[in-house]
Structure formats: C-alpha cells, structure tokens
Amino acid sequence: MSTTARGPIGIGPHTARRREGLTLDRRGFLGVFGAGILGTTLYGCAGRPRLLEVAESAVPESTPASRKVASICGNCVNKCGFIARVEGDRVVKLDPNPHFPKSRSMLCAKGNAGVQVVHDPDRLKHPLIRTGPRGSGQWRKASWDEALELTARRMMEIKEKYGPHGMLFSSTEGFQERFFRTFAAAWGSPNVVRHPSLCLASGNVAFFATFGTVPEYDLEHCEYVIVSGANRAEAFVTPDTIDMMTRARQGKTRLVYLDPRFSVTASRAGTWLPIRPGTDMAFYLAMLHVLIADKLYDEAFVRTYTHGFDELVAHVEPFTPEWAEGETEIPAREIRRITREFAAAAPRAVVYRGRRSSWYGNDTYMRQAMALVNVLVGNWDRQGGLVPKESIALGKPELPELPWPDEERIDGIEERHPLARTEDGAYVDLRQRVLDARPYPVKGWMIYKQNPLHALPDRARTRAMLEQMDFVAVIDIVPSDTAWMADVILPESTYLERDDPVEGFHQPYPFLAWRRQVIRPHFETRPCLEIMQGLAAKLGLESYFDYDIDRYIDLQLAKPGIGREVFDATGVWSDRNSRKYGTTLVEDYRFRTPSGKIEVANERFRRRGYAPLPVYQSPPQPPRGKFRLLPGKQAYFTHAANQNNLWLHELCPENSLWINAAVARERGIAEGDELLVRSPVGQVRVRAHVTEGIRKDCVHLPHGFGQRSAGLHQAVGKGASDQDLIAAASDVITGNAALHETFVTIEKV
Ligand SMILES: Nc1nc2c(c(=O)[nH]1)N[C@H]1C(S)=C(S)[C@@H](COP(=O)(O)OP(=O)(O)OC[C@H]3O[C@@H](n4cnc5c(=O)[nH]c(N)nc54)[C@H](O)[C@@H]3O)O[C@H]1N2
Ligand SMILES: Nc1nc2c(c(=O)[nH]1)N[C@H]1C(S)=C(S)[C@@H](COP(=O)(O)OP(=O)(O)OC[C@H]3O[C@@H](n4cnc5c(=O)[nH]c(N)nc54)[C@H](O)[C@@H]3O)O[C@H]1N2
Ligand code: SF4
Ligand SMILES: [Mo]
C-alpha cells in the first residue's frame, strides 16, 4: 500500500499520525508502535538481514545505570535540543528540552526516532573497503589504520597525476564540518563544494544584497505572514515552525500561503492560494505596485533607510494586480486585499523568505522581490518583522597558514556567478565541468555528510561523475546510495555518540549550546575530527589539527569567558533572554551595502552587470499532456537520509505521486495505481496519490525515496527518486540548482 504524503484532503490515519509527529506528543511513538515493537526494534531485530557482520559492541564498563543528558538533535539542519534518557549504554528515550530557546518543547518524529539511529542494524559500524566493481556492494571490513592508509595513498596518487586540484571535497553543514573543511583547505585544492547551491544560496544572496546581512524572522511577534511554498508544517525550521503554526492556530497570526498544492501548511493557513508554479515574483511585484500606487508603504522608513526607491516606482508601474492575475491565476482583488491587510499589520507583517530557494532559474530575483515587499512596509529590525542576526563570538585555534590553491576552481564560480559564495561553489555547474574534464580532470572525491546521488538533479549524471573518479571516500553514518559507490567508507560516530564543538545560535536570541556525547560509540566509528586527524597524520598535515575536541571547546569558551559547566543545568547558555530591536535604526548606521543603505535598486547587482531590480519572465508552461514536477520534503524524513530508520519507515514506507483528481479521472488513474513517469532525463515507476489538493498542471513527488543501496534493507527499492526525473538547471545569478523546471509525462502501467 502506498501511504505517502497524503494531504489533509482525504483525511486518513496517516494525517493523524503526522499530527502526532509534529506536536511531539510524548505518547506519539509508543502510541503508534506499541511498547512491544519498540522493544524488538531496539534490542531484537531478529532475522533481519544485515549489511555486514556486526562488530562486537564495545559496552562501556562503568556508566551510571540511569541518567539524563542534555544534547542536540542531529537529524536535520535545525539542531533542536533534547534531553536523553539513558540506561547504561543505551538511549531509551529522547525528550524535548524545554529550555532550548530555538526548539522549546518540540522534537519532531525524526528527532524522536533518533534512538533508532544508534541501533539501526544497517548503520555503519567499521571502515569498509570495496572489493568488487564500483557500486557492486562487495565490501570487506577494514581497520581504521588500513582504511586511512589506503585513503592517503590514493589521494597522493591523484596529487602526483593531476595536482592537488584533482581532488574534490564536498560536504553539508554540521558541527564537525569545519574539520573536514580545514582538511580540504590544508590539502590545497580549490575544489570544495557545499550544499547551499542545492538549497538556499539564491535566497541568501538576494537578502544579503538588499540588507547587507541575511536576517531572521521574528515570527513569535508577527501578526501577518505571507509564505511562498515554505512548507513549515512539514519542512521544519525551528523556531519558525513552532511560532508560525502555534500563532496561526491561536488566531494571533494571519497566514497567507502560496503553493500549487494543498500541503499541510496550506491546511493551517487562513488563505491558501494555489499559485501557478513559477509565478511568485509576479505576485510580489503586484504587491509592490499596490503598496506604491495606494501609498501604503512606510514613507519615512523608505526615505531614511533605503537607496533607489524612485527606480522601483518606475519599475513596478506596469505590474498591476490585473497583470499579475494573468500570470499567477490569483484574482487581482485577492492581491489587493492581501496587500492592504499586510500594510495595515506592518511592521508586524512579513513576507517569509523560506529556506530552500532551489526552484527556478530566476530565484535570486524572486527572493529580491520578497525582500522589497518587506522593505517597503518598514518591518526591518522591528518587533514582529525582519531582524538582523546577532551571535555570541567563540574562540578557535590558530592554524598554520593554509596553502594557496595552485589552480582556479573547476566550476569557474568567481567569473560565472560572482555574487555567490566562492567557498560554497555551484554544484550543478561543477558536476558538468568534472564530467567534461574542463578545464582539467578531477579524479578524486571525498564526501562528508552528503548524499549527492539524491541531492543533485539528474541522478544519472551524478552517477557518471562518481564512475569517472579514480577514488571516492565517503564519511557517513549509514551506507547511503553515494557511500555504496565509494572505494572507502569511513564511518562517523553518530550525533549521540560524540562530543561536538560548542555552537552559537541566533534564534530567537543569541545563545550557546553544546552537543555533548550521550553514550560512548557502540561500534568502531570515529568523530570527523579524529578521522581528519588520522588522515592528516598520514599526509604530513598534522599541524592543522594540533588539538583534540576538549582543547577545541576550551579555546571556544575562552572567548566568552565561560566554562563547560554552564551547560550542565539546562544544556544552553546565554547572557540574556530576549532579542534586541532597532540597533540598526539609528542615524548614520551604515548597512553593509555599496550605498550604505538598504538597497531597493541593487548596486551589487548593477556593478556585476545584472539589472538592479527583479526581472520577471513568464515561465514556460507544460505543453498539453505534460506536467510540471514539484519536489518537496516530508515531515518524517530529512531528504534521503533516514528512510531506512525503522520507526520512520513504518510511518511511511514509500512515496507516491500526487496527481490532480480530475486529471486522474480523465486518464483512468485511481489511487494506488502504478504509473510510469518520464522526463527528458529518466523515468520511474511509482504509485499514484489522487487528490484534489494539487493543481492540474503539476504533479508532486516527495523527495528522498527510490534508494538503491542494498545496504539499506528497509529503504532499498521503495518508492521513486525525484532525482531520476529532474533535469539539471540553475539560477542565472547564483548557480543555485533550479529543481522545479522539469516537465514529465505520466502513463498508467
Ligand atoms: N521534515 C523535514 N524538514 C526539513 C527538511 C527535510 O528534509 N525534512 N529539510 C530542511 C532543509 S535543508 C530545508 S532547505 C528546508 C526546506 O523547506 P521548504 O523550502 O519549505 O521545503 P520544500 O518541501 O522543499 O518546499 C517546497 C514547497 O514549495 C512548493 N512549490 C513548488 N513550486 C512552487 C512555486 O512555484 N511557488 C510556490 N509558491 N510554491 C511552490 C512545493 O509544492 C512544496 O510544498 O526544510 C528543512 N526542514
Ligand atoms: N529533488 C530535490 N533535491 C533536493 C532537495 C529537494 O527537496 N528535492 N532538497 C535540497 C536541499 S534543501 C538540500 S539542503 C540538499 C540536502 O542534501 P545533502 O546535502 O546530501 O544532505 P542530507 O540529505 O541532509 O544528508 C546527507 C548525508 O548525511 C548523512 N549523515 C547524517 N548524519 C551524519 C553524521 O552525523 N555524520 C556523517 N558523516 N554523515 C551524516 C546522511 O546519512 C546522509 O547520507 O538536497 C537538495 N536536493
Ligand atoms: S526538526 Fe526534528 S530532525 Fe530536525 S533537529 Fe529538530 S527534532 Fe531533529
Ligand atoms: Mo536545504
């Protein structure tokens, strides 16, 4: 049975379960699974096939029998606080940490299921060395010394043949990612690429260019929120999810939600606008038009703090709500109504930027249009508006000077996308350049905490990129699809089994927290720092790692002048308990923009040869018989990372393709029918989810399924991967992947 991603239309048991996950109902998991199954899951797993022999669990000799440890979730980017209940060497339950300002009393289903991360029989337990052809799944267990020795030797071979730039280092955010990045920098390759160009790069660039900083949202005090496709009831971002959903339910915030499909967030909104995909910018341009034409903007704010307003006035003149109606299919009177309500609620009114902006080729301009609506109502640095980030500075070790790379980056980002962050790179461009060996070959790839086979569009190309490598090393906690293609897998200890550096948070006010070790590692795994140290020692780079994690934390805490015991009581530390407002709203404040003001007409854009104001182009629409494919997250999973988690897998074993009910009827497609979905780059088979809750011109496939690694016994072969269908495309300004531009055909099989 297909149970994926049912919208609130057709309410069924799955919707109810989803609610339990979201509200962190303490009984949630026990309620869903029952204690018996919980027990089997943790301790039994009898008869389940296993990746490889299970190493002897190193049971710590003397740990207090029963204790509680405050630490930080590692199942997604949010890093919510929890308090672990521990018996001996086993985590038996993770409870939310109510003292944790960012997540308060929330721990989502994935956070709860973190217990299973340690006990997953499929998890990586020791280093593995490939013995058969790449991707064959033939592995042998290796000692750490052997695995690191092999890695160092193969890296040196690549250096001799192709130079240090022949190695690519890719990673995704995490508390220990810094050690991986130090290692890559010490190695001396310019080819480092991170996840932002698959996620939020265009949004960041647009907001940074406008405000000189990337702000946060004060949703705790906001009264009117306009959200474009940021599905916060499922794609969690804390504390935004908590504030947005709680206040909407209590009637304290009016939530206007634009999404071509009726997501769970849509079901919580006062207004859901099933916008035509790819036309959000037209909606915001029309809002700007109405704000100006009807003089609803904050004139004093605009005069004092902004640059280039007159250009905007001329620019948005043609973008009437009537024009926007033709683009968006949102009635002009709705656009007018929303704009008036929004202006009346300002400054406690925001256009919420969202996080993943890897949608279309014009995303930087789309997010700039969102930023400008905020600017015009003067919500900047005000309670309930957009607030500049504040943080608590931490110390760090002094490193020897890092080598200067001998070559330019292979993705040519400095020239092609000069406004993007060089150190993050542009992944889609980079992959193509590697495949073309242009301007030089890249033959070695080290991957930390990333699964490119699911993260990048057009999986066949990512596979080809992996196949043309002489050497691939993957550092992960499970045998992911990408790890399955490696030469060496280096297993990191899970977030429950290691001490991480202390981290500074800035939502809802600056505080520090420390992910401390909850239990000692159950298997022969190591934290990233120790893996990097081991490799560095074999490559003569040890001077960059002249510290252990304890020393590193001491150096961090020396700066604010606190000891680690400050984390004992609540797991967090701060010298205050609220935000500050208005620190930038003072005379002579210089924003970090070329004009020193908030930039309406953008000078950074202009200097680089881009138009200074959002350029709208009507997006191509799917021809008859084709549909636009929209990906998106589900509440139970982080990307493709935890479909194999037994508890989460049982909630939703596979994904299915959302298809509009009228379209399905025309084509004789019923709920659960098997479909063949084809795109210009691939095809998948997947079951249909027939729903009123999606427009007729698009289909939706939840992201992260269709796993191929035979090491993932729960997830392998279940559902379909959107990345088999999505064609490579990217945002013109930043090179951020554009994942919503692919059209597909659908046949019943
Ligand atoms: N449970 C869970 N939470 C997560 C994550 C996760 O994987 N799982 N990942 C985290 C990360 S890294 C990120 S970046 C965030 C991502 O958070 P979001 O950006 O909120 O996540 P997505 O689900 O990718 O959102 C895409 C939504 O946009 C809609 N959409 C598609 N095209 C259009 C369009 O043209 N216009 C409009 N208005 N809407 C459109 C889709 O239907 C979908 O509902 O979530 C974070 N939180
Ligand atoms: N089609 C489509 N593509 C997308 C998206 C989408 O919605 N649709 N979302 C995009 C977004 S927003 C993002 S951010 C990217 C995310 O994609 P990635 O950057 O690949 O990140 P994740 O999927 O979060 O995690 C990748 C790997 O980290 C591993 N991991 C988890 N914890 C640890 C740990 O403690 N140590 C180590 N070493 N490894 C660990 C997981 O097992 C997983 O294999 O994908 C992007 N790609
Ligand atoms: S949102 Fe869920 S998975 Fe992500 S950090 Fe918070 S509890 Fe963990
Ligand atoms: Mo992301």
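**Two ligand sites in a predicted model**

Hi everyone, let me start with ligand 3: the residues of its shell split into six nonpolar, three polar and two charged. Please keep in mind that this is a predicted model.

Who are those neighbours? The shell of ligand 3 contains Cys 73, Cys 76, Cys 80 and Cys 108, along with Leu 107 and Phe 236. Asn 75, Asn 78 and Gly 111 are there too, and so are Lys 79 and Lys 110.

Now hold on to Phe 236, please, as we move over to ligand 1. Ligand 1 has 33 residues around it, and Phe 236 is among those that come nearest, together with Asp 259, Asp 280, Lys 633 and Phe 637. Sorted by class, that shell holds 15 nonpolar, nine polar and nine charged residues.

Which part of the protein gives the largest share of the shell around ligand 1? That is strand 22, residues 627-632, with three residues.

For those of you who like polar contacts, here are some oxygen atoms of ligand 1. One sits 2.6 Å from a polar backbone atom of Lys 633. For Gly 278, again a polar backbone atom, the distance to a ligand 1 oxygen is 2.8 Å. As for cover, ligand 1 taken alone exposes 920 Å², and the protein buries 99% of that.

How values were computed. Residues are numbered from 1 along each chain as its sequence is written. Chains are lettered from A and ligands numbered from 1 in the order in which they are written. This is a predicted model: local features need pLDDT of at least 70, side-chain atom pairs count only at pLDDT 80 or more; totals for chains, interfaces and linings use all residues. Side-chain values use heavy atoms; hydrogens and water are left out. A residue is near a molecule or strand if one of its heavy atoms lies within 4 Å of it. Ala, Val, Leu, Ile, Met, Phe, Trp, Tyr, Cys and Pro count as nonpolar, Asp, Glu, Lys and Arg as charged, and the others, Gly among them, as polar. A polar contact is a pair of N or O atoms within 3.5 Å; within protein, one must be able to donate a hydrogen and the other to accept it, and residues adjacent in sequence count only if both atoms are side-chain atoms. Accessible areas come from the Shrake-Rupley method with a 1.4 Å probe; for residues, only the protein chains shown count as cover. Helices (H or I, at least four residues) and strands (E, at least two) are DSSP runs, numbered from the N terminus.
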